[in-house]
Amino acid sequence: MELWPWLTAALLLLLLLAQLSRSARFYAKIGLYCAFCFTASAMAAVVCLLRHGGRTVENMSIISSFVRSFKYAYGLRFEVKGRETLDEDRPCVIISNHQSILDMMGLMEVLPDRCVQIAKRELLFLGPVGLIMYLGGVLFINRQRSQTAMSVITDVGERMVREKLKVWIYPEGTRNDNGDLLPFKKGAFYLAIQAQVPIIPVVYSSFSSFYSCKTKLFTSGTIQVEVLDAIPTRGLTVADVPKLLDTCHQAMRTRFFHISKIPPKNGAPSGPTAQENGAPSGPDAQEAQ
C-alpha cells in the first residue's frame, strides 16, 4: 500500500487543525518540518550518489543547499557575524550551543567547506535522514560506550589533520531550551588538544521569541549567529582540558545572553568584555562524549 497518500492526508489534517488552536499549529509545523527533512534527505541522497558515488565530506555542500531552503517556509532569518573565521582553510573543532531540532537549519546556514559533524549513533537508523548523514561523512559515536566514543575521537583527530577537516560538535551533548547553556562535555576539547587545532565557538541566539516546546510557540523570527575568535590549543595538554572547557563555556555563555538580549542567569557576566577576557566559568564538566 502506498504510504505517501496517507502522509499527505495527515499533513492536510494537521494544517486544518492548525487553524483551530496554537498547539495544533505547533504540531502541524513540526510535522511539516519532519516531512521536509525526510523528503529533502531522500532527494539529496540521490544527488549525492549521482555526483560523488558514495560517502564523502564533499556531499555536505549538496545537503546544505537543500536544508537552507527550509527557512523560507518558516519565515526564519539568520544574521551572521564573523563567518570569515569559519572559512579559513585549516582543520579546527567547531562548537556551538544546541537548542532544538531547528538547529540543523542554523548549522547548514554557516557550514564551511570540508566540515563534518559528530552525532549519536542512533541517528544512523532514521531512514533517509540517517542515509544522508552517512553519505555526508557524519561521524557516529555510541555514547553508551565511553571507550568506543573516545576511540572514535582519537581516530577523528588523526584524520582531521591528515585531510584538513573541520569537525562540528555540540558540547552540551543534548538539546537544551532552558534559556542558558548546559555544562559542556569534554570530548570536543580532548579532540582539539589531541590534534593541536584551534577551537572556534559559534553562538546562536535564543529561539524563545519564536519557538518553544513548552508553550507550543512556533512563528517566524530572526536568529543572530556569532562566530567567536578561534581559541588556540597549540602546546596544550590533556591537563589543560578543564581550563580550556571553562574558557569556551564562559565566552559562549556571555555572548549567548548578549545576542539573545536576555538577562544573565546566576550572575553570569554580560556584554563583550567576558569574551575578550576568556574568564573561566563555574559549572563542572561532565564526562566526554
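Colleague: What should I know before reading the values?

Modeller: The model is predicted: local features need pLDDT of at least 70, side-chain atom pairs count only at pLDDT 80 or more, and totals for chains, interfaces and linings use all residues. Residues are numbered from 1 along each chain as its sequence is written, and side-chain values use heavy atoms, with hydrogens and water left out.

Colleague: How many aromatic pairs does the structure hold?

Modeller: Rings of Phe, Tyr and Trp (its six-membered ring) pair if their centres lie within 6.5 Å; planes under 30 degrees apart are stacked, over 60 edge-to-face, the rest tilted. The structure holds 12 aromatic pairs. Take Phe26 and Tyr211: centres 5.7 Å apart, planes at 40°, so the pair is tilted.

Colleague: Which elements hold Phe26 and Tyr211?

Modeller: Helices (H or I, at least four residues) and strands (E, at least two) are DSSP runs, numbered from the N terminus. Phe26 lies in helix H2 and Tyr211 in strand S7 (residues 211–212), so the pair ties together parts 185 residues apart in sequence.

Colleague: Is Phe26 buried or exposed?

Modeller: Buried means under 20% relative accessible area, exposed over 50%, partly exposed in between (1.4 Å probe, protein chains only). Phe26 is buried, at 4%. Tyr211 is buried too, at 8%.

Colleague: What is the geometry of Phe36 and Tyr74?

Modeller: Their ring centres are 6.2 Å apart and the planes at 85°, so the pair is edge-to-face. Phe36 is partly exposed at 28%; Tyr74 is buried at 6%.
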